[in-house]
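Visitor: I have a structure on my screen. Please walk me through parts of it.

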Amino acid sequence: MPENQFFVDSDKLSAQALERKHRLENDPSARTDFMQYMDGMERISSDVMEQVLGQMRGYTYEQYTDADVRRALLQETCGVEELKALLSPAAKPHLEEMAARAKYETSRHFGNTVYLFTPLYIANYCENYCVYCGFNCYNDIVRKKLDAAEIEHEMRVIADAGMEEILILTGESRGMSDVAYIGEACKMAAGYFRNVGLEIYPVNSDEYRYLHSCGADYITVFQETYDAQKYETLHLKGHKRVFPYRFEAQERAILGGMRGVAFSALLGLSDFRKDALASALHVYYLQRKYPHVEYSLSCPRLRPIINNDKISPLGVTESDLCQILCAYRIFLPYVGITVSSREQKHFRDGIVKIAATKVSAGVSTGIGDHESKYTGTQKEESGDEQFQISDERSFDEMYQDMSSGGLQPVLNDYIYV
C-alpha cells in the first residue's frame, strides 16, 4: 500500500503549516525520535513491552497448521502458542468450532449478559499528526471544546435516556483539554453515572491518580498498532509519537489506582494478525503482574474520516474480526470484550451471542451533539466527528434488540460501598 494513502487534502492550511506537514510526511529526519521520551513523561520500570514485542516479532503465523489449530481447540486452557495458532490463517476453516468454544466460555463466565455504554466526546482539539485520524492537527474540521454547562447538559441528556455508564473522550491536546478540565468532567459524570471511563491522551501515574479521585473508574488507550516501525510512519507529530510512553499508559493507570484498563489496536493500520496477538498479550502479561485489576479488550477496524474518503481497513474482513474475537475469548475467558459501533448492526448482534460482552449505544463521535442524537434537536455549533460509525441505533433500540435476541442488557454491575 502506498505510504501516503492516509494523508488528507491540505488546501486550507497556511503555507507554513503546509510546508511543515509535507516535511513530516516525506522527510523522516524532520521527525523527532519516536522511541525517545519527551520532557515531563514519566518512565516506569517494566518489562511488559519487551515481552509483548518480542512475541509479536517472532510470530510467523504461516507456520501454523491445521493440526496445530485442532490441538489448540482440544486444550482445556489456551496458552500463548495456542493463541498464535487460533489467530493464524490455518484457523479460518475452524471458525465454527472456535465460535462454539468462545460461546461456551462467554456463557460460562458472563452468562447471557451484555453491557451497554455510550461515549461522550467533550473536545476535538488535537496536537498530534496521526495521518489516519479525523482529529489530527492538520485536518480542516470544525473544532469545539464543551464548557462545563455544555458538558453537564450532554450528560443529563444521556442519563435521562437511561444510560448508567459513560466513556468521556477528548482529542489529544493538553493545551485545550488539560487534566484539570478532564477531572471536572469526571466529577460531573460521577453525579450522573455509576461507571465512568476515560479515553484521553496518556498521562503520568499521579495524574491518573487525580482523575481516579475525581470519579474515573477505568481508562482506555489504543496503541493503534504494535508494529513500532509502522507506528513511526503513522504518528508524525505530537506526544502520541512516543511509542513506549503510549504503550505503558495502562500500567501507569494501574499504578495510579484505576480500577480497570482497556486495550486495543486499530485493525487495518498494519498486519492485523500481529496487532491482534500483541493486544491480547499486552493484557495477558499485565494481568499476570496485576491480577486485581479489571481488563477489557476491543479490536475496532479503521473507519473513514472527514476529508479523506479513501481510508479503509487493510483487508480485515468481518470473518477475520470474528476469528480474532473468538480467539480472544478462548485465550482470555475472564476478560471483557467490547465491540464498537464502527461495526455493522448484524455483526454486533451476532458477536455478542458468541464472544463480546459490551456494546456502545446511542453513539456520536462529534462534539456536543448528543441532544440531536437523543432528541432530534439539531445543534449547529457542534464539533466535527472523529470517524464515521456504522451502527447508529439509539440506547432504547439497542436495549430492545439485545433483549429480543435473548440477551440480558446490563447498565451497571458495580456497587459502591
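Visitor: Which residue in E11 is the bridge partner of Thr113?

Guide: This is a predicted model. Strand E1 covers residues 113-123, and E11 covers residues 408-410. E1 and E11 pair in the parallel sense over 3 bridges. The bridge partner of Thr113 in E11 is Gln408.

Visitor: Which residue in E10 stands opposite Leu116?

Guide: Strand E10 spans residues 358-360. It pairs with E1 in the parallel sense, over 3 bridges. Opposite Leu116 stands Val359.

Visitor: Over how many bridges do E1 and E3 pair?

Guide: Strand E3 runs over residues 165-170. Thr118 stands opposite Ile166 in E3. The pairing of E1 with E3 is parallel, and its bridges number 5.

Visitor: How many residues of E1 are buried?

Guide: Buried means under 20% relative accessible area. Strand E1 is mostly covered. The count of buried residues in E1 is 11 of 11.

Visitor: Now the helices. Are H12 and H13 roughly parallel or roughly antiparallel?

Guide: H12 is residues 272-289 and H13 is residues 318-331. They pack at an angle of about 25°, with axes 11 Å apart. Angles under 35 degrees count as roughly parallel. Therefore H12 and H13 are roughly parallel.

Visitor: How many residues of the contact of H12 with H13 are nonpolar?

Guide: From H12, the contact includes Phe272, Ala276 and Tyr284. From H13, it includes Ile324, Tyr328 and Phe331. The contact also has 2 polar and 2 charged residues, and its nonpolar residues number 8.

Visitor: Is the crossing of H12 and H13 left-handed or right-handed?

Guide: The two helices meet through residues including Arg273 in H12 and Asp320 in H13. The crossing in which H12 passes H13 is right-handed.

Methods: Residues numbered from 1 in each chain as written. Predicted model: local features only at pLDDT ≥ 70, side-chain atom pairs only at ≥ 80, totals over all residues. Heavy atoms only, no water. Axes fitted to C-alpha atoms, helices over the stretch in contact; angles between N-to-C directions. Helix = DSSP H or I, 4+ residues; strand = E, 2+ residues; numbered from the N terminus. Parallel < 35°, antiparallel > 145°, perpendicular 65-115°, else oblique. Left-handed = near helix turned anticlockwise from the far one by under 90°. Contact = heavy atoms within 4.5 Å. Nonpolar A, V, L, I, M, F, W, Y, C, P; charged D, E, K, R; others polar. Buried < 20%, exposed > 50% of the residue type's maximum accessible area, 1.4 Å probe, protein only. Pairing = 2+ DSSP bridges.
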